[in-house]
Structure formats: C-alpha cells, structure tokens
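User: Could you walk me through this structure, feature by feature? I would like to learn how to read the strands, the backbone and the charged pairs.

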Amino acid sequence: MNKSLKSISALVMGLGIGMGAASNASAQSSLEEVMKERGLTQKDLLAAAKTYTPTGGRDEYLAFSSGGQSGQVIVYGVPSMRILKYIAVFTPEPWQGYGFDDESKAVLAQGRINGEDITYGDTHHPAFSETEGEYNGRYLFINDKANPRMAVIDLHDFETKQIVVNPFMKSEHGGAFVTPNTEYVMEASQYAAPFSDDFVPLEEFNEKYRGAVTYWKFDDKKGRLDPEKSFTFELPPYSQDLSDAGKGPSMGWGFTNSFCSERYVGGIERGRPPFEAGCSQKDTDFLHITNWKKAAELVAAGKVKKSKGAYMIPMDQAVKEGLLYLIPEPKSPHGVDVSPDGTHIIVSGKLDSHAWVYSWEKIQKAIKDKNFEGKDPYGIPIIAMKDALHTQVQVGLGPLHTQYDAKKCVVYTSIYVDSMVTKWDYCEGKVLDQLHIHYNIGHLVAMEGDSVSPDGKYLVSLNKLAIDRFNPVGPLHPQNHQLIDISGDKMQLLYDMPLPLGEPHYVVAIKADKLKPAVRYKSGWNSRTDSKSPYKTRAGREKVVKDENGVVHVYGTVIRSHITPEIIEVEEGDTVSIHLTNLERAEDETHGFALYNENVNLSIEPGKTVSATFKADKAGVFPYYCTEFCSALHLEMQGYLLVKPKGYVAKTTQMVEGTKYTEADYKKQVKTNLDTQAVIDSVVGFITSHNYKDFPEVVALVEDATDQLGFAEEAKKKSETFAAKGDFQNATLWAGQWWQYQVKTADLGLRAKTFLEEHGAKKVK
Ligand code: CUK
Ligand code: CUA
C-alpha cells in the first residue's frame, strides 16, 4: 500500500467505520445465561427493555433538572436516563467557556448583587415557556434561591441569555413558575428581610421585614424578562414557599404558600428555642392568592408606585383593590400545584399526613360574597378553610409535591418521611396505589406533568438520599433519580440514575419533538446577545489592530486544523482582546482555545464569535491550542502569543525550519496527493451514485467536504506557484497543506458513505 492509501485506511480504522464490525462469536451468550450470570429476574428484564435505548436511538422526552448548588441545569433523556448536557447558568463552566469568554461574562455580570460577583447559584425550579398552558419548547426559566435571581435559557441553543436580580428580596424560593402564555414568571421570597439594604434589627421583624412575590414580565419577541414592566406584591413576613400560576377558570391568579406564619425569629444564642420549634407551632399556615391580571392593569394605568426603581404594590393597596387574599393551609406546607384544568389546587403539609384539595369555585365564591373569617395582622382578608376546601386525603407522612397524570383526577404526590409515591384521585378523594422508593423523595415529575395536558407515561422520583444504592464514592453521595412506569394501574420502578451535580429540586420534562435546537450559529454570532458580533471575522480577513485606547484586538478565525493567527505579538503591558470566529459550517465541529497562564478558555461552536480580554503584564512565551479533538491534525492546531519586553529589538526576522525540502520531497508529496485524490474520487463516486440527497445529514457532510476540497485546491495552486519559482521549501510545505485538506475531505466522505450504507441508500445510476 502506498503512503496515502495507508493513511486513509488508518483514518478509516481510527474512525471505526467502513470496515464492518468484527464478529465475536465466542463471547456470545444466550439471554438465559446472562440472566443467570448477573442474577436478573424476568421483571428486571422487562424494566431493562422499557428503558434500554439501542445505539443511535433517541429519547421520547427530555427532562430539565435543576442542578441545585451547582447553579446549573441538567438535561437528560427519558426513558433512557442518559445525561445529555449541563447548561451553565449562575456558575462559570469551562467546557462551554461560560464565564471565560467576554460574551458570557457579560451575562454573569448581570447577576451581580450590589456590585459583588456571585459565581454560584442554588437552582430549584425550572419552568418552560408556555402557550395556552402547553409547553412551547422555546425558553426555560430557573431561579436562584440563595441570591434572588431569575435566569432565561434559550432552547434554540441551550444557552443562558439573561440573569435578573430581584430588587426587593434577600432570599427566594417560589420561582420559576410561569403564567399560561408566559405573560409573567413568578418569583416568591422565602426568608423575610427588609426591602431596603440597610441594617434593621430583628426586634423590628413584624414591622419592617417583609415577604414578596414578583411577577417578572416576559417579552416574548425579545426572549428576555423586562424589569421595567415587572411588579412585586408586598407580603407579610411569613416564609413564603412555592408558587404556581392559575389556568383555565383560575387564569389571572397566582398561588403562593408559606410556612412560619408564626413569624418566629429564632435565636438559640439568646436562650430562645430554635427556628424549627417556633416555626411549627400553629396547625395551619397561609396560602396567598394574588390577582396578577388586575395588578398588571393597575400598573398599566399608572396607579402603582415605584420603589427601588421597580413597581411595588403595598399590602394596603393590594387589599383595597381586592388583589390579595389568604386561606389557611396545613401545617408547614410545601408544594402548591394547580390542576391541569385550573379548577383545583393541591397543597401538602410536610408535618401532616394529608394532601389538601382546594376548590377554585369555592374560593371565587367566598371572594365574591366577601365571606371572610377575619383578617391577618396586616389587614389581609382570610377565607375560612371550610369555605375553600374540596377534600382532604390521607396520602402518607410528609407529603411534598404533586404531579398530574394524563388520566383525569389522577395525581402523584411525593411522600418524604415515608419514602413513597402515592397515586390518588383528588376528585373522589381516595388513594389508588403506593410505591416505596429509595430514599427520601423531594419533588417528582410526570411527563409534561404541570402543563394543561399531562402525558402520564413516566414519573421520575427525585430522591434526596441515595445511601446504599450505588457504589460508594466517599461521604458525599450522588442524588438518585428513579424512573417509574405509570402507564398501568400499578406503578412500576424501572431504573436508578445517580445524579452527581448538586441537589436537584424540581425537574420539568417535555416531549422531545417540541424542541428544535440549532446545529450551528449564523456566521459571526454573539450567542449571548443573539446578534451579529462586531468582531465577526471572515476567512482571509484576519488582522491585529491597536485601538485608540491602546487595546490590541486580534480578529482571528478557527477551522480544521488551524487557528489564524498562529503568531500573536504584543508588548508587555498591552491589554489584548482575542476574538475568534469558527468558520465551520459542519455540525459538531466545535473548536476550543486555551492559552497558558491567562485563565483564557473558549468554546467556539460553528458560526460563533467569542472574545477573551486580558492584560499581558508579563513578557514571555504563551502557547495556545485548540482543546477539542476536531480532526486528525487537531494536535497541530496551535500557536504562540509572544509578549515582548518593552523596547525589544529583534536580531533577525528570518524563521528557520527544522527540515529542508528538495524537489524530490515535493514530487513525493504531490504523488501522495494524487493517490489520495483517487481515493476521494472513488468515495465521491459511491455517494453520487446513490440517492444521498434524500439524507439531509449526508447533504450537510457533502457540503462540508466540498468546502474542504476547495481549500485543497487553493493550497495546491500555492504549491505549484512556489515550485515554478524553484522554491521547493514552500512548494513542499504547501503541498503538505493541500494533503491535509484532502484528508479532511476523505474523512467527511467516508462518514457520508458509512451513513448511506447504514441507512439503506439506493443506487440511482
Ligand atoms: S423544593 Cu427542594 S424538595 Cu426548592 Cu421545590 Cu421541595
Ligand atoms: Cu480544533 Cu482541535
């Protein structure tokens, strides 16, 4: 075999394609043998068959999990439970370059509080954007409990676009929950605090500490929250907890529950009993009901004043306008979940064994009749529990959250203390089934289970403790997400998935085909602002310029397998801003950029332009390279930043290669290239003799291969020009570059050929 054919076949082997899978007859065993060997039962096999996804297979649902203390969002498939992505939100994340490139640093900077960088978040509740109560697959919102903030993730590229800081709260929990047309995203506070940033002694808790619920206005056209049009309800200093938005008949209203309506302020060190005792004395707490639709009208009519630059509705105004009511709810409640048809609201109390079902019809009647049992200390009317309750059902000890099934009236409630899921009927008020899980369950998620049309099918139980379920990995355990089949009358446990990244709280799951993510950006794209980057650079237009402020701007590009420029020269003390545009059009051809000693690390997806700005304050040599294994010559995708001492004068400008090339070397390389071209031609022949145009994946590969072949042609011309001048050094090197482009073409061609073979393409000629 000559050199080129050997290289191509090495390439083929390396890619693991084209040669046919080697058979391994001796290791084959029957199903019975495997079952015996691994101690599996028929039930295990059935569970495996329900979750196993063969190679190349896709999932029916995508689950978006909060990442807890990681400040991220975790995306996994259901039913395979394979993790697909971590979306960086409140925390820098190097793989995605998040918090390392200037563009994403600007997003994180939006989340600064009083000028402080906050580089983590405690994410709890993701929520999809909705149209008429159905998930529309366009955006995901997620809250940060620790530093009251809300983030917007665009599902077009699964990137975080915006972070807003709540101007009033110092802690939150009841977000993100969206109204049925994503008019607003709810965010409710948790631990009461003064709205001002001043010191206020705890002795003034009742008078000066406050809770709140903010309705963030969502601008659907821009895909961003609009703080200018958002408003907040002032609430009593009860510890507000979860929220949910009304729908159908309860459209226009929001529900937020609370614990510690005792308004206990703790103080072990002052000889007082701890918070946990003082916050659990009363048998009931308060469900808050807020009318956001009417509030929005008041805001639009200019009847709401601003405080700290944002609209704030004081309690007395809310009461006067009929926007705010309270209803007693069971001891230390946690979840509040509105039914898909909007007629009922289910609340569970952590220290009770009942789930309480409220009737919206009854609540509405009480409001209309002004039938209140009294007022709370802040003058808010209280609707008597008996006037609002539909039924209460004994579901188990420590019920937390509820999800809805596709079947009418059927719900699933997580039972924390009993480590159980209870399936029950909230219309009839009876328990249908119970399943023990391992161990303490927090939230649970049914497929599209909080939309107006839940799908049922699967339920995932989000367990707080994994204890003995997995191989031990030290004192800090992963969390355990358990997949449950809910298609039949009895729930069936299918699978345990360890989740080792923070403590997920809530998860939302969407039908996968509702998502239409892009495979590349428009050329020269700033993905964080979703607009063309001013630093977009085209092939051949790379340049280095010093601006009027003395900042050295490097306009560069990346494409298999080189970074342009390959040499960047600056002077000690210069501020350097490197802008890189990925010129690739091909799917999945991401390049990375890592630079020694400057904490620079970029991810540059096809089409994207990203920037890194730093001060080159030390003279020296700083290698940089691509961090993604993007092609056979990936390791050669490298360069040098040379930071010259002030006043440095070069002794010579001549570059000396380690190897000298002759005419014979040139001819040898050309021969290799011509042989390689023959291989490419045969692959092209195979592709064009088949109906490849019927396969969009192959059409994309062919386009990319055509690009690469075009580059090969340019390099070929350069080598021939130098050869004609007798400069065999440059002629040989350019012939080598010609060959590099051919190798990339062949790689793509072979990928296309394999795809056609595996997908039963037909011959057309
Ligand atoms: S919470 Cu953690 S189990 Cu933040 Cu919704 Cu209930
Ligand atoms: Cu680009 Cu490796």
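Analyst: Gladly. Let us begin with one strand pair: β6 (residues 149-154) and β7 run antiparallel and are joined by six bridges. Within this pair, Val-152 stands opposite Gln-162 in β7. Please keep in mind that this is a predicted model.

User: What takes a positive phi in the hairpin of β6 and β7?

Analyst: Phe-158 does, with phi near 60°; the hairpin has four residues between its strands.

User: Which strands make up the open sheet, and in what order?

Analyst: The general idea comes first: strands of a sheet pair through backbone hydrogen bonds, in either a parallel or an antiparallel way. Here, four strands form an open sheet in the order β4-β5-β6-β7, and the pairing is antiparallel. β4 and β7 are the edge strands with a single partner each, so one side of each has no neighbour in the sheet. On average, neighbouring strands of this sheet are turned by 30° against each other, direction ignored. At the β4 end, β4 and β5 pair antiparallel over four bridges, and Glu-130 stands opposite Tyr-135 in β5.

User: Is β7 mostly covered or mostly uncovered?

Analyst: Mostly covered: six of the seven residues of β7 are buried.

User: Which residue other than glycine has a positive phi of about 50°?

Analyst: That is Glu-132, in the loop between β4 (127-131) and β5 (134-144). Glu-132 counts as exposed because its relative accessibility is 64%, over the 50% cut-off. Compare Lys-457, where phi is near 65°. Lys-457 sits in strand β29 (residues 456-463) and is partly exposed at 36% relative accessibility.

User: Where is the peptide bond with omega near 0°?

Analyst: This cis bond runs from Gly-175 to Ala-176, and Ala-176 lies in the loop between β7 (159-165) and β8 (177-178). Another cis peptide bond joins Arg-560 and Ser-561, with omega about -10°. Ser-561 belongs to the loop between β36 (551-559) and β37 (562-564).

User: How many salt bridges does the structure hold?

Analyst: It holds 42. To read one, look at the distance and then at the surroundings of both partners. Arg-149 pairs with Asp-144, with the closest N and O atoms 3.0 Å apart. Arg-149 is buried at 1% relative accessible area, and Asp-144 is buried at 0%.

User: Which residue forms a salt bridge with Asp-704?

Analyst: Arg-560, with the closest N and O atoms 2.9 Å apart. Asp-704 lies in helix α11 (residues 696-724) and Arg-560 in the loop between β36 and β37, so this pair ties together parts 144 residues apart in sequence. Both ends are covered: Asp-704 is buried at 3% relative accessibility, and Arg-560 is buried at 2%.

User: Where do Lys-753 and Glu-757 lie?

Analyst: Both are in helix α12 (residues 728-758), four residues apart, or about one turn of the helix. Lys-753 is partly exposed at 24% relative accessible area, and Glu-757 is partly exposed at 41%. Elsewhere, salt bridges that share partners join Arg-560, Glu-584, Glu-589, Asp-704, Asp-747 and Arg-751 into one network.

User: And how far apart are the C-alpha centres of domain 2 and domain 4?

Analyst: They lie 56 Å apart. The domain assignment gives domain 2 as 61-266 + 273-514 and domain 4 as 663-758.

How values were computed: Residues numbered from 1 in each chain as written. Chains lettered and ligands numbered in written order. Predicted model: local features only at pLDDT ≥ 70, side-chain atom pairs only at ≥ 80, totals over all residues. Heavy atoms only, no water. Helix = DSSP H or I, 4+ residues; strand = E, 2+ residues; numbered from the N terminus. Buried < 20%, exposed > 50% of the residue type's maximum accessible area, 1.4 Å probe, protein only. Pairing = 2+ DSSP bridges. Axes fitted to C-alpha atoms, helices over the stretch in contact; angles between N-to-C directions. Domains from an automatic or database assignment. Salt bridge = Lys/Arg side-chain N within 4 Å of Asp/Glu carboxyl O.
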